[in-house]
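Me: I am new to this structure and would like to learn how to read its features one at a time. Could you take me through them slowly?

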Amino acid sequence: MSRTVYLNGEWLDEADAKISIFDRGYTFADAIYEVTAVVGGKLIDYHGHAARLQRSLGELGMKCPYEGEDLLAIHREIVARNNIEEGMIYLQISRGVDDRDFIMPDKPVPTFSMFTQTKKVLENPYAKSGISVISLPDWRWERRDIKTVQLLYPTWAKTQAHQQGADDAWLIEEGLVTEASSATAHIVKKDGTLVTRDLSHVILPGITRASTLDLAREAGIKVEERPFTLDEAKQAAEAFNTSATNFVLPVVNIDGEQIGDGTPGPITRKLREIYVKSRLATAI
């Protein structure tokens, strides 16, 4: 079934949505993006994603053609037009069309696009079984705090993981875990303390990460925001990823080594449960 997409102020059939070959998102990956989950036809953690969108744009000197209620209205309209009950919305803004030049244009006219994907985000089978990950060196650029479309290395890393029989990759820099290929990495120590990398330019400020940490603290779970080593992760009682469409996803194996008893741990299960309950209650 063909989807309706949004491109530069127009609602179009996906087959009719065309972007110039000279768009800087195509020639230079000069673009940012956001992904927002949809459950029950409503937006999950929308305001966090909208705020991060503005931050990423600001860091790259770009502007969004829509803000506030106008941007929210477009999100709601694309859900309605595609009858999305469960899935995601992908939003991308590039610096726009310009002849190929390494110098950024002075007065860019951004290219704004959105599309939807149907996906089961609540009944994710991996939430019950957990996933396996491998460790790979983190060879991305230094400004990982900006959500750009420079995703060649993360896609390579995830592909390498699948080729080796794993589900994902945790990226390592100077012996420390930065994040997963497209998610935030967390561990739970044997004393029940949740440990996750502190925010800086080396990781993306995950919206699901922030919500999960808030909920963990409210539930009385001790949280440490600091770097942790790959060896510490392998010795942890539990491990998990957080992301917009996978929510809290257990990690039960790292580099072929079982984490805990090899099944999703009690704190991970609890965090997924309270995250889903909380976000469904606050979806808009």
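**Reading the model, feature by feature**

Reply: Let us begin with a loop: N83 sits in the loop that joins α3 to β5. Please keep in mind throughout that this is a predicted model.

Me: What is the phi value of N83, and is N83 buried or exposed?

Reply: The phi of N83 is near 50 degrees, a positive value in a residue that is not glycine. As for accessibility, a residue counts as exposed when its relative accessible area is over 50%, and N83, with 63%, is therefore exposed.

Me: Which residue in the loop between β8 and β9 can I read in this way?

Reply: You can turn to E174, which is found in the loop between β8 (168-173) and β9. Its phi is near 55 degrees, again a positive value in a residue other than glycine, and E174 is exposed because its relative accessible area is 78%.

Me: Which residues of α6 are buried?

Reply: A helix has a repeat to bear in mind here: an α-helix has 3.6 residues a turn, so residues three or four places apart point the same way. In α6 the buried residues are I207, T208, R209, S211, T212, L213, L215 and A216.

Me: How do I read a nonpolar core, and which residues have the most contacts inside the largest one?

Reply: In soluble globular proteins, nonpolar side chains tend to be buried together. Here the largest nonpolar core has 24 residues, and those with the most contacts inside it are L53, I93, F112 and M114. At least two residues of this core come from each of β3 (31-39), α2 (46-59), α3 (68-81), β5 (86-94) and β6 (111-118), and the largest share, 5 residues, is supplied by α3.

Me: Which residues does F112 touch?

Reply: Leaving out residues up to four places away in sequence, F112 touches Y6, L7, N8, C64, P65, Y66, L71, L91, Q92 and I93.

Me: How do I read a pocket, and which residues lie nearest the centre of the largest one?

Reply: The largest pocket holds about 1200 Å³ of space, and of the 46 residues that line it, Y33, K158, S181, S182 and A183 lie nearest its centre. Among the elements giving two or more residues to this lining are β3, α2, α6 (207-218) and β13 (238-243), while the largest share, 6 residues, comes from α5. By class, the lining has 19 nonpolar, 17 polar and 10 charged residues.

Me: Where does S243 lie, and which residues does S243 touch?

Reply: S243 lies in strand β13, and at 13% relative accessibility it counts as buried. Not counting residues up to four places away in sequence, S243 touches S182, A183 and T208.

Me: How much space lies in the second largest pocket, and which element gives the largest share of its lining?

Reply: About 190 Å³ of space lies in the second largest pocket, and α8 gives the largest share of the lining, 4 residues. The lining divides into 5 nonpolar, 2 polar and 4 charged residues, and one of the lining residues is A127.

Me: Is A127 buried or exposed?

Reply: A127, which lies in helix α4, counts as buried, with a relative accessibility of 14%. Setting aside its neighbours within four places in sequence, A127 is in contact with L249, P250, P264 and R272.

Note on methods. Residues are numbered from 1 along each chain as its sequence is written. This is a predicted model: local features need pLDDT of at least 70, side-chain atom pairs count only at pLDDT 80 or more; totals for chains, interfaces and linings use all residues. Side-chain values use heavy atoms; hydrogens and water are left out. A nonpolar core is a set of buried Ala, Val, Leu, Ile, Met, Phe, Trp, Tyr and Cys residues joined through side-chain atoms within 4.5 Å. Buried means under 20% relative accessible area, exposed over 50%, partly exposed in between (1.4 Å probe, protein chains only). Contact means heavy atoms within 4.5 Å. On a 1 Å grid over the protein atoms alone, a cavity is a set of points where a 1.4 Å probe fits but cannot get out, and a pocket is an open set with protein on both sides within 12 Å along at least five of seven lines; lining residues have an atom within 4 Å of a point. Grid points are joined across faces, edges and corners, and a volume is the space filled by probe spheres set on the points. Ala, Val, Leu, Ile, Met, Phe, Trp, Tyr, Cys and Pro count as nonpolar, Asp, Glu, Lys and Arg as charged, and the others, Gly among them, as polar.
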